[in-house]
Amino acid sequence: MRVPLERRVFILPTLFTCGNLVCGALACFSGARDALMLQIQGEGALPAGKEPFVAACWLVGLAGVFDFFDGLVARLTRSTSAFGKELDSLSDLISFGMAPATILYLSMLRNQSWGLPIAVAFVVCGGLRLARYNVSAAREEKREFKGLPIPAAGVTLVSYVVFWRYTGVYMDSGAEGGVFRDRYMNWYVERLHFFHEVAIPVLTAALAALMVSTLAYPDLRRVLIRRTAPMTLATVMGLAVLIVGWRPEVAAFPLFLTYSLIAPSRWA
């Protein structure tokens with residue numbers, strides 16, 4: 001039996017959304033497994049060359065890819081629907097709310113008295129952000145988001161976890177030094193305690209507050225579709241791929257942190 005074209009078009013963005021949800025669930029399970037193995041057996045529990053929580057973080061990043069393309073495909077094929085919007089919000093809450101908060105809490109916040117409240121607040125604010133978006137999107141279409149999108153907030157957190165775990169591997173590898181390693185990485189490692197005790201909890205709370213704020217963030221998918229010429233789009237996407245592909249462990253965190261700070265910078 002042939003599936004009607006309309007149904008096939010609706011299935012395509014739904015598959016991307018389900019991919020987002022699967023990656024988010026796997027990220028939660030992977031992070032919990034790594035934390036349990038570390039608690040029972042210590043750092044030597046994981047295979048050589050595998051850093052704890054990194055696989056879970058990459059799964060959240062992959063969920064972000066699925067999330068970017070499900071909305072893009074839905075708009076290009078004109079197959080947006082109320083069902084797809086609700087499924088997308090539920091998937092985002094798992095992949096970019098619960099999963100990043102779980103990974104961050106298990107990797108660095110669980111020994112701090114304020115770690116659990118901050119992680120829970122991040123999830124709650126993410127849920128409020130998604131609920132507000134669903135209500136406002138039903139009334140009007142805009143090219144800007146009101147408040148920081150939860151995918152950007154979640155990927156910012158997990159990209160820092162990857163950067164942190166990568167730093168230890170790089171410093172212990174005996175690789176040749178240079179300005180990047182000798183100056184910036186050494187500076188970061190010397191202040192690692194400050195970052196984990198103060199800076200990252202503050203950043204997590206700030207991202208949660210930005211999600212429920214009314215500050216305007218650009219909707220990159222709409223900008224790419226409606227405002228960007230094909231050659232410019234190809235150039236921008238190519239540069240982004242080169243920057244992240246050059247060294248994703250280092251480049252991802254500054255890239256997403258920059259997007260998260262766009263609205264506060266414009267307001268200031």
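This is a predicted model: local features need pLDDT of at least 70, side-chain atom pairs count only at pLDDT 80 or more; totals for chains, interfaces and linings use all residues.
In what follows, two residues are in contact when their heavy atoms lie within 4.5 Å. Residues are numbered from 1 along each chain as its sequence is written, and side-chain values use heavy atoms, with hydrogens and water left out.

Let me start with Leu 106, which sits in helix 3, residues 82-109; helices here are DSSP runs of H or I with at least four residues, numbered from the N terminus. Leu 106 has a relative accessible area of 16% and is therefore buried, where buried means under 20%, exposed over 50% and partly exposed in between, using a 1.4 Å probe and protein chains only. Once neighbours within four places in sequence are set aside, Leu 106 is in contact with Gly 31, Ala 32, Ala 35 and Phe 53. From Leu 106 to Asp 34 the C-alpha distance is 8.9 Å, although the two are 72 residues apart in sequence.

How many does the structure hold? There are three salt bridges. In one of them Asp 34 pairs with Arg 33, with the closest N and O atoms 3.6 Å apart; Asp 34 is buried at 0% relative accessibility, whereas Arg 33 is partly exposed at 39%.

Another salt bridge joins Glu 51 and Arg 165, whose closest N and O atoms are 3.0 Å apart. Glu 51 lies in the loop between helix 1 and helix 2 and Arg 165 in helix 5, so this pair ties together parts that are 114 residues apart in sequence. Glu 51 is partly exposed at 24%, while Arg 165 is buried at 11%. Arg 165 also lies over the face of Trp 164, at 4.8 Å from the ring centre, the rule being that CZ of Arg, or NZ of Lys, is within 6 Å of the ring centre and within 35 degrees of the ring normal.

Turning to the interior, a nonpolar core is a set of buried Ala, Val, Leu, Ile, Met, Phe, Trp, Tyr and Cys residues joined through side-chain atoms within 4.5 Å. The largest such core has 50 residues, and Ile 103, Leu 148 and Tyr 160 touch the most other members. Helix 5 provides the largest share of this core, with twelve residues.

Why is the pair of Tyr 160 and Tyr 188 called edge-to-face? Their ring centres are 6.4 Å apart and their planes stand at 80°, so the pair falls in that class. Tyr 160 is in helix 5 and Tyr 188 in helix 6, 28 residues apart, and the pair links distant parts of the chain. Both tyrosines, Tyr 160 and Tyr 188, are buried.

Phe 194 and Phe 195 also pair edge-to-face, at 5.9 Å between centres and 75° between planes; Phe 194 is partly exposed at 47%, but Phe 195 is buried at 17%. Finally, ring pairs link Tyr 160, Phe 163, Tyr 188, Phe 194, Phe 195 and Phe 253 into a cluster.

Key. Helices (H or I, at least four residues) and strands (E, at least two) are DSSP runs, numbered from the N terminus. A salt bridge is a side-chain nitrogen of Lys or Arg within 4 Å of a carboxyl oxygen of Asp or Glu. Rings of Phe, Tyr and Trp (its six-membered ring) pair if their centres lie within 6.5 Å; planes under 30 degrees apart count as stacked, over 60 as edge-to-face and the rest as tilted.
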